[in-house]
Amino acid sequence: MKNNFVKAIALLSCSLCSPMQQGQTVAKNETLAMYLAPRSSTGCVGDKGLIVDVLIVNEGANEQSLDVGKYYAVLGFSTISNGTADDSGSGGMSIIPDRIGGPPASRMVMLKPHEAYKTELSIPLSDPFFGHAGLYTAMPSITIGSVKRAASARQGLIFELRACK
Amino acid sequence: MQPEFIYDCTPRFVYWCGLWASRSSGKERDTESGNDYFGARYYASNMGRFMSPDWAAQAQPVPYAKMDNPQSLNLYSYVLNNPLSGVDADGHVVDQKPTVYVYYTVSGADANEALSNANNHFTGADGGHYAGMTTPSFNVQWMDSPSLTKDGGMSTVTRTITSDTVTLTNTVQLPQWTGGTPEQQAAFDKGVAQLKAHEDSHVGDNRAAADTLDKSLPGTKGTGTAPTTPAADAAAKADLKTNVGAKNAAAAADMANRGAARDAATDHGKKQP
């Protein structure tokens, strides 16, 4: 039941993705798979951000441990189209955060077969890069414990910002 | 499939490029390639005419081009107001702007507390707390050369990027703190200096990704086929933009991956890679 729920979310997320991505796992470490499920594909210019659910699913037959304290995300963005696109072309940007000092503390969770760990990714929209209504692609590079997902232009999360006000 | 006419523009030396009908003799065709692309006929801005008098005598503007308004050709989408400012002689130069360092102020009774507060300044996309942030952004300007063929009642326009400029700007946000003893100040500054050096390494990575993008753009094509030449050209422009956009997306992803890899390898600069 839970597995079906996860698959449903994964498929739901893929309504925002290219056909290549539909139904596919975006990252795997042995039997741990990562899925991204945007809660919404639209927002307004000026919004603080969009939330993406991040799911780590144990698709194997054995229990797996996962260090969820080690969660790090770097984002890449690209413009698909916006009000300035005809004249200025599409550009891109990234957000790379850093800390001073050691890594965050470990926090282990155990995932039984077909269990999923869920956390969030917040796509910040405060940068002037998102100052125009249009279509954008977010390409996160995510590490949770030993599960890594590299940013991919082909598997980016497409979202629309509208001029709501 | 014979081209009815040609148009071309010059990326390096001219203000205008023209869309001209060719002579049917085919003398101006690129017989080597046998395709529909003809050699450039440069329009010397300082001379006010095309450099080939024979062409100038024979040229005819195509219907949708306004030769008295070269901007209508939309071949220099990004340098219309000052074409030469966007010219990239070899198409492989990233215009990297100086890194913008933005300092925010943290409080703290001593250096350790100030550094701890700095580590809580930013909330990342993952909900974690961070002290520094590097944000690269880039834009692309390009010049493309169009070519046209007609087959039956259909026009096919292909636009090919001949040169480009990738403009890259890196913004680095860092903490600052004052008020401690000289020793405490030195301890804080040491931590920030290490962070700054690490952020600068991200800047270098971003430059490498931008270089890759820059080198990948020349030769990028957009093609459109339609019953009319203007419609085919519009489709070619849209296709070209799509293809450039895909390369931009790949570059942004490249920056993200390079950043994540460096942070993982160095623990955000604490370790040597």
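Helices (H or I, at least four residues) and strands (E, at least two) are DSSP runs, numbered from the N terminus. The views below show a predicted model, in which local features need pLDDT of at least 70 and side-chain atom pairs count only at pLDDT 80 or more, while totals for chains, interfaces and linings use all residues. Residues are numbered from 1 along each chain as its sequence is written, and chains are lettered from A and ligands numbered from 1 in the order in which they are written.

**View 1. Chain A, element by element.** Of the 165 residues in chain A, 43% are buried; a residue is buried if 20 or more other C-beta atoms lie within 10 Å of its own, exposed if 12 or fewer, and partly exposed in between, with C-beta atoms placed from the backbone. Two residues are in contact if their C-beta atoms, placed from the backbone, lie within 7 Å. Among the contacts in chain A between residues at least 6 apart in sequence, 72% join residues at least 24 apart.

**View 2. Where chain A meets chain B.** Here 44 residues of chain A are in contact with 49 residues of chain B. On the chain A side, the elements giving two or more residues are β6 (71–82), α2 (85–88), β7 (92–98), β9 (116–124) and β10 (134–144). The largest share, nine residues, comes from β6(A). By type, this side of chain A divides into 23 nonpolar, 16 polar and five charged residues.

**View 3. A strand pair across the two chains.** Follow β7(A) to find strand β9 (residues 132–151) of chain B: five bridges join these strands, which run antiparallel. Two strands pair if DSSP finds at least two bridges between them. Look for P97(A), which stands opposite M133(B) in β9(B).

**View 4. The nonpolar core and L75(A).** The largest nonpolar core has 82 residues, and L75(A), A252(B) and A256(B) touch the most other members. Helix α4 (residues 229–266) of chain B gives the most to this core, with 12 residues. A nonpolar core is a set of buried Ala, Val, Leu, Ile, Met, Phe, Trp, Tyr and Cys residues joined through C-beta atoms within 7 Å. Beyond its neighbours within four places in sequence, L75(A) is in contact with residues including S94(A), I123(A), A125(B) and A256(B).

**View 5. Helix α2 of chain B.** Within this helix (residues 111–119), A111(B), A114(B), L115(B), A118(B) and N119(B) are buried. They lie on the same side of α2(B) because they cover an arc of only 140° around the axis, the arc being that of the directions from the helix axis to the C-beta atoms. These buried residues pack against β8 (129–130), β10 and α3 (182–216) of chain B. E113(B) also has its place in this helix, but counts as partly exposed because it has 16 C-beta neighbours inside 10 Å.

**View 6. Strand β6 of chain B.** Six bridges join β6(B) to strand β10 (residues 154–176) of chain B, and the two run parallel. T105(B) stands opposite Q176(B) in β10(B).

Technical notes. Nonpolar A, V, L, I, M, F, W, Y, C, P; charged D, E, K, R; others polar.
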